[in-house]
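Okay, thanks for having me, I'll keep this short. Let me put the sequence and the model up, and then we'll walk through some rings and a sheet.

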Amino acid sequence: MGVMEECMDVGRPGKKREKGRVPDGNPFRKKYRGFLLAVCVCAITLLTACGVTEVNSGAGEKVEDLDYIILDEDRIPKELLPLIEERYEEAFQMTYTDNEYLYVCIGYGKQENSGYTIVVNDFFLGENGVLVDTSLLGPAAGEERINEAQYPYIVLRTEAFEEEVPMYWK
């Protein structure tokens, strides 16, 4: 055998090194792996928990749910309808107030076909303002669609507040 093949491990006299095998090196290596794995799991858990805290988008803790009515187009105040028509081609969020009611308007802009539905997930008064959370649901599987552009929007009507209240959209 050649000289290079008979290299001896430092610290283990008399034993030959197996070909392709690297000595373990640091005896604490396995402990460091476990520690590193624990740190990664903790970091992922903390990052996930931090993401959950932003759900209310600034509205704060829920004080009370707000009662509302979803208005058909014929029940939208005549002063509000032109304001919606100016904006409905693009996604929008706006409010309108008269002496009695607060109208919350959410539009999702141009959709290429029909069958979309807007769902109100949450609508409440929080410590810092009102949270409005809606979602646009696409056409159901197998639902017949009209291949014509649609502009889905929703108008919620609730009792007006005595003073101005910040709105938070989700």
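So, start with the cluster: ring pairs link Y96, Y101 and Y103. Pairing here means that the centres of Phe, Tyr or Trp rings (six-membered ring for Trp) lie within 6.5 Å, with planes under 30 degrees apart called stacked, over 60 edge-to-face, and the rest tilted. Before you ask, this is a predicted model, where local features need pLDDT of at least 70 and side-chain atom pairs pLDDT 80 or more, while totals for chains, interfaces and linings use all residues. Residues are numbered from 1 along each chain as its sequence is written, and side-chain values use heavy atoms, with hydrogens and water left out.

By that rule we get four aromatic pairs. One of them is Y96 with Y103, tilted, at 5.9 Å centre to centre and 45 degrees between the planes. Y101 and Y103 also pair, this time edge-to-face, at 6.3 Å and 65 degrees. Are these residues buried or exposed? Y96 and Y103 are both buried, and so is Y101, where buried is under 20% relative accessible area, exposed over 50% and partly exposed in between, using a 1.4 Å probe and protein chains only.

Y101 has another contact: the charged end of R157 sits over the Y101 ring, 4.1 Å from its centre. The cut-off there is Lys NZ or Arg CZ within 6 Å of the ring centre and within 35 degrees of the ring normal.

Now the sheet. Four strands make an open, antiparallel sheet, ordered 2-7-4-3; strands are DSSP E runs of at least two residues, numbered from the N terminus, and two of them pair if DSSP finds at least two bridges. Strand 2 (69–70) and strand 3 (91–97) are the edges, each pairing on one side only. Strand 2 pairs with strand 7, residues 153–159, over two bridges, and I70 has L156 as its bridge partner in strand 7.
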